[in-house]
Amino acid sequence: MSSWISRATESRNAQLITTAVVSGALVASTILGFQKARRMYRVADLKASIPEIDDHHHAARLTEYGAASNVFAPSKEDERSTALAARARSGDYDDELILEQLARNRVFLTDDGLSKLRNAFVIVVGCGGVGSHATAALARSGCASIRLIDFDQVTLSSLNRHAVATLADVGTSKVHTLRKRLEQITPWTHFECRNELFSEQTAAAQLSDLNGKQPDFVIDAIDNIDSKVALLSYCSKNKLKVISSMGAGCKSDPTRIFIGDISASTDDPLSKTTRRKLRLLGVNDGIPVVFSTERPGPGKAELQPLSEEEFAKGNVGELGVLADFRVRILPVLGTMPAIFGLAVANHVILSITDYPHEYLPSKSRDKMYDGILGALQGAEERVARTLFIIQDAQGLKIPMTQSDVGYLVEEVYNGQSIISGLSTRLVLSRWQKPTTNFVDESIEGQKSSTLKMNELVLMTKEEAARHEKQLLKGEKSLDELYDAKTIERVNQRMKEEARYERFR
């Protein structure tokens, strides 16, 4: 090796090549170093040229979601409106002018009712189509303080249903768009804008008091189910009055819109999923909702599926604004969110002012649930005596409550027999024959069943009696007793229920 090196260094060509390589490396490193230094200086100069955000500079920082809170500089009209609103909120606005503007509400609600509304504090969560119309109606009716919560920004597609947004507002936050436009109508209203995403973790802070005053009402205008459930659950457990808007997407018939208890809402996928998850959290009723009973049909709009091309590109979740957020296009007729929002605001106004109003009663089926629970206990006792020769099975405890029965009946099986679809004389029954002893006697003097909710199906009493005699206590199998369609229907329902298991 040493002899080869010595021969190579003696060669003039080798010396030239070596010199060229070394020189090239030095020049390249010098150029790269210079370019890096120049970039550093340029970045430093650029940062130094950016002014600090203050009252004299209208630039705004991006939110954590990449949305600018105020993309466009305010116009002269906006500046005048903002100044007028500031004076009005400080008391520099003639109260007679306010009462004149609210004259029609005043004669309808009476002085006492209008006074309650003018002193009310309402929180609106979600400032899109539904929330913007609800907010506008509340402000125009005299509500004094409104907290707006929404992380999203106005887009071009928002303009078919938003109450006040214009082309100039595209790209700006929805909460500030509402504030800016409504201050031009009711400058005395105090708007507290929170350009934030609502979540279970932030609920306590976002639904907190305003200057020591608890919210008189909370409006749920969220279209994300997990956030909606978190909001409604928090309000229910903390005794906050709330009204929720269910799905306005794919709806077109205004005559089928109702305000009723959440337990009575039907024919609405958003309502069903929300109601089901709330039941798992122990919230069965007591929440008024705006919902539509309109059913899908031939020629009607449907949720648009993602194209195969989008799936082929990779993770479709990346299409959403946030993880687990909407990624598909929901067809919306612009008039329907407005009707939902105005119905929500109407209910809030009547409730705050104590104006007489009623809504659809909840499904009061407590006696029916108790009867089903009692029948299930009797069936468990009979199966235990027959299969495992437990003579003293009377009084066998069932690890289930009335609320659990209501959940299975209403949310899992839609109040219908899984066998025949009938909705009268219903009972719950084990679906499969137990292969091991299900009676727990670990506690002295107490016998209890280890029955689980996912082992039960809903049948009529007659179907359950046949099922118990021939399958649970007899020798027949599921394949011998039922056709393939029935078995598949049960399996699909149980798979669907398994997706909700994490909410228990």
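**Confidence.** I looked up the pLDDT of this predicted model. The chain has a mean of 84, and 81% of its residues reach 70 or more. I then turned to residues 316–327, where the pLDDT is below 50. Beyond near neighbours in sequence, I find 22 contacts for this stretch in the model. Where pLDDT is low, the predicted coordinates should not be read in detail. I therefore leave the details of such coordinates alone.

**Nonpolar cores.** I looked up the largest nonpolar core, and it holds 40 residues. Met 400 and Trp 431 have the most contacts inside this core. I noted which elements give two or more residues to it: the helices are H13 (366–388), H14 (402–412), H15 (461–472), H16 (478–481) and H17 (484–498), and the strands are S8 (426–430) and S11 (456–460). H13 gives the most, with six residues. I also noted another core, which lies apart from this one and has 35 residues, including Leu 178, Ile 243, Ala 248 and Val 344.

**Trp 431.** I listed the contacts of Trp 431, leaving aside neighbours within four places in sequence. Among them are Ile 419, Glu 455, Val 457, Met 459 and His 467. Leu 471, Leu 478, Tyr 482, Ile 487, Val 490 and Met 494 are also in contact with Trp 431.

**Cysteines.** I searched the whole structure for disulfides and found zero. Cys 127 is in no disulfide, and its nearest cysteine sulfur belongs to Cys 193, 7.9 Å away.

Terms used: Residues are numbered from 1 along each chain as its sequence is written. This is a predicted model: local features need pLDDT of at least 70, side-chain atom pairs count only at pLDDT 80 or more; totals for chains, interfaces and linings use all residues. Side-chain values use heavy atoms; hydrogens and water are left out. pLDDT is the predictor's confidence in each residue, from 0 to 100. Contact means heavy atoms within 4.5 Å. A nonpolar core is a set of buried Ala, Val, Leu, Ile, Met, Phe, Trp, Tyr and Cys residues joined through side-chain atoms within 4.5 Å. Buried means under 20% relative accessible area, exposed over 50%, partly exposed in between (1.4 Å probe, protein chains only). Helices (H or I, at least four residues) and strands (E, at least two) are DSSP runs, numbered from the N terminus. A disulfide is a pair of cysteine sulfur atoms within 2.5 Å.
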